[in-house]
Amino acid sequence: MTGDPGVDALIRQWAAERERTPEEQEVDRIASAWLADAPAQAPGIPGQRARTGQSRFVPVESADPGYLAAMRSRLPDVPEELLTAAAGWWQMVGGVAEAEEWWNAGISPLDQRALDYRAAGLAPSDLSRRLGPMTVLQHLRRGSAPAWCVARLARQQKSA
């Protein structure tokens with residue numbers, strides 16, 4: 001699908017979780033019909049109330065449309081829900097440009113490990129740096145801990 005075995009496994013897992021039994025489909029149909037009878041009100045967050053007047057709801061967008069468009073251009077076959085979830089993760093920690101830097105460095109923003117690497121202190125530019133005979137990205141793909149890679153990079157800078 002995407003060429004990245006980790007992302008492909010994530011997409012397969014997502015697709016397997018989305019498969020529904022006939023009983024689950026019937027439960028969903030009944031719940032949808034029941035909710036359709038409820039008074040229609042757009043989802044949102046209650047707005048700031050003035051001293052007088054009606055309270056209003058502000059619509060909530062779950063993901064930045066610009067980010068979704070950038071991801072959709074790279075992964076046209078990935079389901080919308082998965083793109084929206086990934087966009088939500090990245091919106092909390094960075095922007096579209098940073099996610100694309102990780103992607104260009106060899107880690108897909110759909111891969112949760114990218115956030116783990118970022119939290120450990122790695123930058124996209126660190127992934128191509130060499131630690132002995134392999135790059136940081138190769139070490140990570142073979143199971144090395146991100147903290148170990150960060151410590152080795154710091155030691156390398158210190159000795160240089």
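This is a predicted model: local features need pLDDT of at least 70, side-chain atom pairs count only at pLDDT 80 or more; totals for chains, interfaces and linings use all residues.
**View 1. The buried residues of helix 3.**
Helix 3 covers residues 65–74, and its buried residues are Tyr 67, Leu 68, Ala 70 and Met 71. Look down the axis of helix 3 and you'll find these buried residues within an arc of 160°, so they line one face of the helix. Keep Leu 68 in mind, as it's one of the buried residues here and is also touched by Glu 80.

**View 2. Glu 80 and its contacts with Leu 68 and Arg 72.**
Now for Glu 80, which sits in helix 4, a run of residues 80–93. Is Glu 80 buried or partly exposed? Its relative accessibility is 38%, so Glu 80 counts as partly exposed. Leaving out residues up to four places away in sequence, Glu 80 touches Leu 68 and Arg 72. With Arg 72, the link is a polar contact between the two side chains, at 2.9 Å.

**View 3. Asp 126, a buried residue in a loop.**
Asp 126 has a relative accessible area of 12%, and buried means under 20%, so Asp 126 is buried. Which residues does Asp 126 touch, if you skip those up to four places away in sequence? They are Gly 121, Val 136 and Leu 153.

Definitions and conventions. Residues are numbered from 1 along each chain as its sequence is written. Side-chain values use heavy atoms; hydrogens and water are left out. Buried means under 20% relative accessible area, exposed over 50%, partly exposed in between (1.4 Å probe, protein chains only). Helices (H or I, at least four residues) and strands (E, at least two) are DSSP runs, numbered from the N terminus. The arc is that of the directions from the helix axis to the C-beta atoms. Contact means heavy atoms within 4.5 Å. A polar contact is a pair of N or O atoms within 3.5 Å; within protein, one must be able to donate a hydrogen and the other to accept it, and residues adjacent in sequence count only if both atoms are side-chain atoms.
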